[in-house]
Amino acid sequence: TFTGRCDASSSFAANNKWGFFPSGAFKWNMKQENFLKRAKDIDELSLRLSAGLTGNDAISTYRSLEAYSSTTGGYLFDGTQSAAYYISRVENPDLTWETTDQFNLALETAMFNNRLSVTLEGYMSKTKDLLLNVSTMNTTGFSSRLSNLGLTSNMGAELSIESRNIERS
């Protein structure tokens, strides 16, 4: 299986709205091969591989753009409170998708008329361009700015065992 996903998000500037996220998967059921066809107790013995890229845009809409706010506090002019506008958010035209590369490898088996299933799976993922608020210098007038910064990675293994010991007829 191969897929390609193209997403757009209003959270990013015009030059980074679109992201392309491909993935692929392969499964080989070795039980179908001649060397295992005679194994009566084995119903399935499969090797599964998958890899893909996903994107995250879980931030507020238009966060890459400069924002303005208003206030009516301050001086009175002719007995009227005037409105003042100020920049309340710094723009970041380079803000882009947070992306995760993931790879999975699994061995799946089912035995005894599918009454016992065992799956052993390993995975690795790496996320880059994390969407984080980064502290800025006080002289800018802002305490932080949303940026793509950082890298995380995860890896692990999962073992799943399912058994149907008693069946009602």
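Biologist: Is Phe12 buried or exposed, and what is its relative accessible area?

Modeller: Phe12 has a relative accessible area of 1%, so Phe12 is buried. This is a predicted model, in which local features need pLDDT of at least 70 and side-chain atom pairs count only at pLDDT 80 or more, while totals for chains, interfaces and linings use all residues. Residues are numbered from 1 along each chain as its sequence is written, and side-chain values use heavy atoms, with hydrogens and water left out.

Biologist: How many aromatic pairs does a search of the whole structure find?

Modeller: A pair of aromatic rings is described by the distance of the centres and the angle of the planes. Rings of Phe, Tyr and Trp (its six-membered ring) pair if their centres lie within 6.5 Å; planes under 30 degrees apart count as stacked, over 60 as edge-to-face and the rest as tilted. The search finds two aromatic pairs. Phe12 and Trp97 make a tilted one, at 5.4 Å centre to centre and 50° between the planes.

Biologist: Which parts does the pair of Phe12 and Trp97 tie together?

Modeller: Strands (E, at least two residues) and helices (H or I, at least four) are DSSP runs, numbered from the N terminus. Phe12 lies in the loop between strand E1 (2-8) and E2, and Trp97 in the loop between strand E7 (84-89) and strand E8 (98-111), so the pair ties together parts that are 85 residues apart in sequence. Trp97 counts as buried, at 6% relative accessibility.

Biologist: Why is the pair of Phe21 and Trp97 edge-to-face?

Modeller: The ring centres of Phe21 and Trp97 are 5.2 Å apart and the planes stand at 65°, so this pair is edge-to-face. Phe21 lies in strand E2 and Trp97 in the loop between E7 and E8, so parts 76 residues apart in sequence are tied together.

Biologist: With which residues is Thr99 in contact, leaving aside its neighbours within four places in sequence?

Modeller: Contact means heavy atoms within 4.5 Å. Thr99 is in contact with Phe21, Leu53, Thr54, Lys126, Thr127 and Lys128, leaving aside those neighbours. Thr99 sits in strand E8 and counts as buried, at 10% relative accessibility.

Biologist: Where does Met124 lie?

Modeller: Met124 is in strand E9 (residues 116-128). At 43% relative accessibility, Met124 counts as partly exposed.

How values were computed. Buried means under 20% relative accessible area, exposed over 50%, partly exposed in between (1.4 Å probe, protein chains only).
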